[in-house]
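The sequence and structure are shown first.

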Amino acid sequence: MLLTRKTEFSASHVCAQPGLSLEQNRAIYGAAANPSGHGHNYVLEVTLDGEPDPDTGMIFDLQQLKEIIQHAVIGPMDHRFLNYEVPPFDKVVPTTENVAAEIWKRLAPAFAGSSARLYNVRLFETEDLYVDYSGGNDAGRERP
Amino acid sequence: MTTLTRRYKFAASHRLDSSRYSPDQNRALYGKCNNPFGHGHDYTLEVSVRGPIDGISGQVVNLAALDGLVRRQVVDDFDHRYLNADVREFREVVPTSENILRVIEDRLRAQWLNAFPSGAPDLESIRLRETARNTFEWKAIEK
């Protein structure tokens, strides 16, 4: 059974590779490469997979889930400039893909040893663009 | 795995009427959608692509390339058109949402490799929302 909790945070970012010119970065990232940055109201959906506990009837304690997301993601990222304030985005381009993968990396340890497992992270950058990340070894890997 | 989903919109009119059926049969089968002058919808199209996150760009897909492909192959031809008359595929095929999905898949696949010269992601799924109550989805078979 799947359980999804939705949260929001607001953050600014700029998508650009340090070795490229502004024109080259604009060709890859469009307006997201504009050097001073810009912001989004990100919407985060965290999905857990598990079976309801026979006593509590719950897959996972919702209050605890809220605190895990708050501690791992919202606290560090909300109202921040990702490139300057949230590692590894001083070195890694904060595309929606990389932010979703980083959120997964920050959340996953909290569910180790629990009956529920982290199943999917869905990150909306805008209502017309979202990424689903469910772990695996493809993050940060170069295209073959 | 990483999947990126992008949402597009187009407004179009259509009429559901099959040459294989009589007028009464068409009326019974398609109901109001068979009304002779057609009617329209604000369609929402979601295209999901899947692939590795490129280690340098941090992207599954170049968004400008994906947007350009969908615009050229679908939105430019469908938006503010009467599908039955203005889109060649629907002169022969009834423009149900199921068939529109199939045409969109064919049109995207026809230019897929050309659109992403530096490496194409997999086309994972396409969703077409005809109204708030009706959504249709096509999914690639898992490899």
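## Strand pairing within chain B

In this predicted model, β4(B) and strand β5 (residues 134-139) of chain B are antiparallel partners connected by six bridges. Two residues form the hairpin link between β4(B) and β5(B). Within this pairing, B:T131 has B:N134 of β5(B) as its bridge partner.

Strand β4 (residues 122-131) of chain B also pairs with strand β2 (residues 39-51) of chain B. These two strands run antiparallel and are joined by seven bridges.

## Strand pairing between the chains

Pairing also extends across the two chains: β5(A) and strand β1 (residues 2-14) of chain B run antiparallel, with five bridges between them.

## The side of chain A that touches chain B

The contact between the chains involves 23 residues of chain A and 20 residues of chain B. On the side of chain A that touches chain B, α4 (96-107) and β5 (129-133) of chain A each contribute at least two residues. The largest share, five residues, is supplied by β5(A), the strand that is also bridged to β1(B).

By residue class, this side of chain A comprises nine nonpolar, seven polar and seven charged residues.

Note on methods: Residues are numbered from 1 along each chain as its sequence is written. Chains are lettered from A and ligands numbered from 1 in the order in which they are written. This is a predicted model: local features need pLDDT of at least 70, side-chain atom pairs count only at pLDDT 80 or more; totals for chains, interfaces and linings use all residues. Two residues are in contact if their C-beta atoms, placed from the backbone, lie within 7 Å. Helices (H or I, at least four residues) and strands (E, at least two) are DSSP runs, numbered from the N terminus. Ala, Val, Leu, Ile, Met, Phe, Trp, Tyr, Cys and Pro count as nonpolar, Asp, Glu, Lys and Arg as charged, and the others, Gly among them, as polar. Two strands pair if DSSP finds at least two bridges between them.
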